Amino acid sequence: MMTLTDIIHRIHPIPAAAVAKLLGIAEVVSFQKYHLLFRADKIDHDLYFIKKGIVRAFTEKDDTSITFFFGMEGDPVLSMKSYVSREKSYEDIELLEDSDLYQFDGAALEALYNEDLYIANWGRKLAEKELAKTEERLIARQFRTASERYGDLMQDTPELLRRVSLGHIASYLGITQVSLSRIRTKQ
């Protein structure tokens, strides 16, 4: 299990005094499976990191749930639109397991960004890394087949495939569960 200090340094190394400031505004919160951490059309600019558990971000379209992100231990969880722009989010973020999370109050974090250059740069690196991951997912969705994307999941996050329902995996890949079953038998 990653400590919050490990997570902070994985994003961008900062001096111990800056880490201490971040740790000073963080708290551990626990929620049960299926809890909605973020809701679409709401503004919530808190930032979380997963200590234990797994989440998915999804939207609803025509009574269908479309998953576009999974997060596991060590990953940040936020609604980028709410976090950056303080605007209503477009996604729901749901816990897929009973989870423990490190929570940062958005206002307290913003205050630290304004007073500590190291923490401001850390926050910038966090946003940059999340943007890069989003770009990778978008490009994969546009230019790679579902079979290739499933192969990437098997290689990069095999634990995810053991912990998440096939329905959510199929939704993430943009295919039906029947198509996912065919892909799985060929792999």
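Contact here means heavy atoms within 4.5 Å. Keep that cut-off in mind while walking through this predicted model.

Start at Leu109. Leaving aside residues up to four places away in sequence, Leu109 touches Leu22, Ile25, Leu47, Tyr83, Phe104 and Trp122. Several of these names return when we turn to the largest nonpolar core. That core has 20 residues, and Leu22, Leu47, Phe49, Leu109 and Trp122 touch the most other members. Six elements each supply at least two residues of this core: helix H1 (4-11), helix H2 (16-25), strand S3 (47-52), strand S8 (99-104), helix H4 (106-115) and helix H5 (117-143). H1 gives the most, with 4 residues.

Now look at Trp122. This residue is placed in helix H5. Is Trp122 buried or exposed? Its relative accessible area is 0%, so Trp122 is buried. Its contacts, not counting residues up to four places away in sequence, are Ile8, Ile11, His12, Ile14, Leu22, Leu47, Phe49, Leu109 and Tyr113. Thr157 gives a sense of distance along the chain and through space. Trp122 and Thr157 are 35 residues apart in sequence, and their C-alpha atoms are 25 Å apart.

Ile8 shows the view from helix H1, where this residue lies. Ile8 is counted as buried because its relative accessible area is 0%. Beyond residues up to four places away in sequence, Ile8 touches Ile14, Val19, Leu22, Leu23 and Trp122. Phe49 is 41 residues from Ile8 in sequence, yet the C-alpha atoms of the two are 9.5 Å apart.

Next comes an empty space. Rolling a probe the size of a water molecule over the atoms shows where empty space is left. A search of the whole structure finds 1 cavity of 30 Å³ or more. The volume of the largest cavity is about 30 Å³. Which residues line the largest cavity? They are His45, Tyr83, Arg86, Gly106, Leu109, Glu110 and Tyr113. Leu109, where this tour began, is one of them. H4 gives the most to this lining, with 4 residues. By type, the lining residues divide into 3 nonpolar, 2 polar and 2 charged.

A record covers part of this region. In an unreviewed entry, UniProt lists residues 29-115 as "domain: Cyclic nucleotide-binding". Over residues 29-115, the chain is 18% helix and 45% strand.

Two loop residues deserve a stop. Asp41 lies in the loop between strand S2 (36-38) and S3. Asp41 is not a glycine, yet its phi is positive, at about 65°. With a relative accessible area of 53%, Asp41 is exposed. Asp62 lies in the loop between strand S4 (55-61) and S5. Its phi is near 50°, again a positive value in a residue other than glycine. Asp62 counts as exposed because its relative accessibility is 67%. The cut-off for exposed is over 50%.

Turn now to the largest pocket. Its volume is about 1,100 Å³. The pocket is lined by 33 residues, and Phe68, Phe69, Lys133, Arg137 and Tyr172 are the closest to its centre. Strand S5 (64-71), strand S6 (76-77), H5, helix H6 (146-156) and helix H8 (166-173) each supply at least two lining residues. Which element gives the most to this lining? H5 does, with 10 residues. The lining divides into 19 nonpolar, 4 polar and 10 charged residues.

H6 is the last stop. Its buried residues are Ala146, Arg149, Tyr150, Gly151 and Leu153. What do these buried residues pack against? Their partners are H5, helix H7 (158-163), H8 and helix H9 (177-186).

Methods
Residues numbered from 1 in each chain as written. Predicted model: local features only at pLDDT ≥ 70, side-chain atom pairs only at ≥ 80, totals over all residues. Heavy atoms only, no water. Core = buried A, V, L, I, M, F, W, Y, C linked by side-chain atoms within 4.5 Å. Buried < 20%, exposed > 50% of the residue type's maximum accessible area, 1.4 Å probe, protein only. UniProt positions renumbered as here; feature names shortened; annotations may be inferred. 1 Å grid on protein atoms, 1.4 Å probe; cavity = no way out; pocket = protein on both sides within 12 Å on 5 of 7 lines; lining within 4 Å. Points joined across faces, edges and corners; volume = space filled by probe spheres on them. Nonpolar A, V, L, I, M, F, W, Y, C, P; charged D, E, K, R; others polar.
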